[in-house]
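The stops below go from the whole chain to single residues.

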Amino acid sequence: MKSKLLIGGGIAAILVVGLVVETLHSSGAFKTIEPHFAGTCARVDGVVGAEDITIDTDTGIAYISAMDRRKLAATGDHDGGIYIYLPGSFEEPAKLLTNYAGSFHPHGISLWKAPENSGAYDRLFVVNHPPVPSDSEDTRTQSSQVDIFEIYGLILRHVGSVKPDEPISLNDVAAVGPNTFYASIDQGSTTALGRTLEVYGRLARAGVLYGDGMTTQKVIGGMVYANGVQTSQDGQTLFVAETTGKRLSSYRIDRQTGALAFIGELEIDSALDNIEVGESGALWVTSHPKTFDFLAHAGEASERSPSQVFRIQIENGEMIAGEIYLNDGNPISGASVAAPAGNRFLIGSVFEPFILDCAL
């Protein structure tokens, strides 16, 4: 009996060690980072935690979703904002005014362009994380919703809020109409323990939500921490990046129902974050090559997290990845987005008090 217990204990220990090693390998802990970039980057101060950036190709204006997450964690009371910036100007980004009255903790954003001569205003879709009311049964500290704004000059006029039926966590959003959108569900679990197990166990409980301005429905499941979502230039394809799943997937959009049909996927050995689209139709995907370094950076600014940018070309329906930027955590740490604008692109991050304005 004693020998059986020893054997059983030994097998359990081996399994635990194997799981730890596999987790470290998957997180990029054993990677060697060799920084490289063929262009130049300049630091632009004036915006903290520029987690997502999208650029209006007609005007050249960049919209920046910013939130000082460390200040919020320290004080429990802090709002973020949407800023605008002109790539190549190197001027301090300007914060847009808004008539939105609630707590504003912006995350992923998406720009919807109104048809020419329609008389309608362009709209900005924003994933927002207001605090959960203290009397709620929801175990989270922050909720998730998608807020829709009309862009009226330097003012964001609030159109409405769309809240999921369940207490799931949204991350990014891709607008497909004046009121319709897809939003990534990074964590599908509804309890604190479930969310912890989901992240560290890389459980496939994430997915994609479809919203029509009033109601929502989950249209994709079985993903591992879905993060960036983006549509193709023609609006016919949706791309989804999984962070701990380390996969970029494409889906054909049914414009009538919102349903998605799987097209293909590309595995990329890095923790993928936001997606932007260049003028040529290429996807720009930013990632964290060392996940645990990013977690350390989230806890302490001096702990640096490497940043990586891929440019994904679409050829005959096939996605082909090319790495164009890699750093060791400097000059920017924990980058979450790279937004292209001609021969320039902007890099934003989850925590840093600046963005990078880069030239290819």
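Begin at Lys246. At 16% relative accessibility, Lys246 counts as buried (buried means under 20% relative accessible area, exposed over 50%, partly exposed in between, with a 1.4 Å probe and protein chains only). Lys246 sits in the loop between strand S16 (237-242) and strand S17 (247-253). Check its backbone: phi is near 50 degrees, a positive value in a residue other than glycine.

A word on the model before moving on. This is a predicted model, in which local features need pLDDT of at least 70 and side-chain atom pairs count only at pLDDT 80 or more, while totals for chains, interfaces and linings use all residues. Residues are numbered from 1 along each chain as its sequence is written, and side-chain values use heavy atoms, with hydrogens and water left out.

**Whole chain**

Zoom out and colour by secondary structure. The protein chain has 4 helices and 25 strands. Helices (H or I, at least four residues) and strands (E, at least two) are DSSP runs, numbered from the N terminus. Of the 360 residues, 51% count as buried. Now contacts, meaning heavy atoms within 4.5 Å. Among those in the protein chain with a separation of 6 or more, 53% are between residues 24 or more positions apart.

**The disulfide**

Select Cys41 and Cys358. A disulfide joins them, with S to S at 2.1 Å; the term covers a pair of cysteine sulfur atoms within 2.5 Å. Cys41 lies in strand S1 (residues 40-45) and Cys358 in strand S25 (residues 354-359), so the link ties together parts that are 317 residues apart in sequence. A search of the whole structure finds 1 disulfide. Look along the S-S bond: the angle is 105 degrees, and the link is right-handed. Which of the two cysteines is buried, and which is partly exposed? Cys358 is buried, at 0% relative accessible area. Cys41 is partly exposed, at 32%.

Select S2 to S5. These 4 strands form an open sheet in the order S2-S3-S4-S5, with antiparallel pairing. Two strands pair if DSSP finds at least two bridges between them. Strand S2 (50-55) and strand S5 (94-95) are the edges, each pairing on one side only. Inside the sheet, strand S3 (residues 62-66) and strand S4 (residues 81-85) pair antiparallel over 5 bridges. Pick Ile64: its bridge partner in S4 is Tyr83.

Go on to S6 to S10. Here 5 strands form an open sheet in the order S6-S10-S9-S8-S7, with mixed pairing. Strand S6 (97-98) and strand S7 (106-112) each have a single partner strand, so one side of each is left without a neighbour in the sheet. Strand S9 (residues 145-152) and strand S10 (residues 155-162) run antiparallel, joined by 7 bridges.

**Two backbone stops**

Select Arg202, in the loop between helix H3 (192-200) and strand S13 (206-211). Arg202 is not a glycine, yet has a positive phi of about 50 degrees. At 27% relative accessibility, Arg202 is partly exposed.

Finish at Pro331, in the loop between strand S22 (318-326) and strand S23 (335-341). The peptide bond from Asn330 to Pro331 is cis, with omega near 10 degrees.
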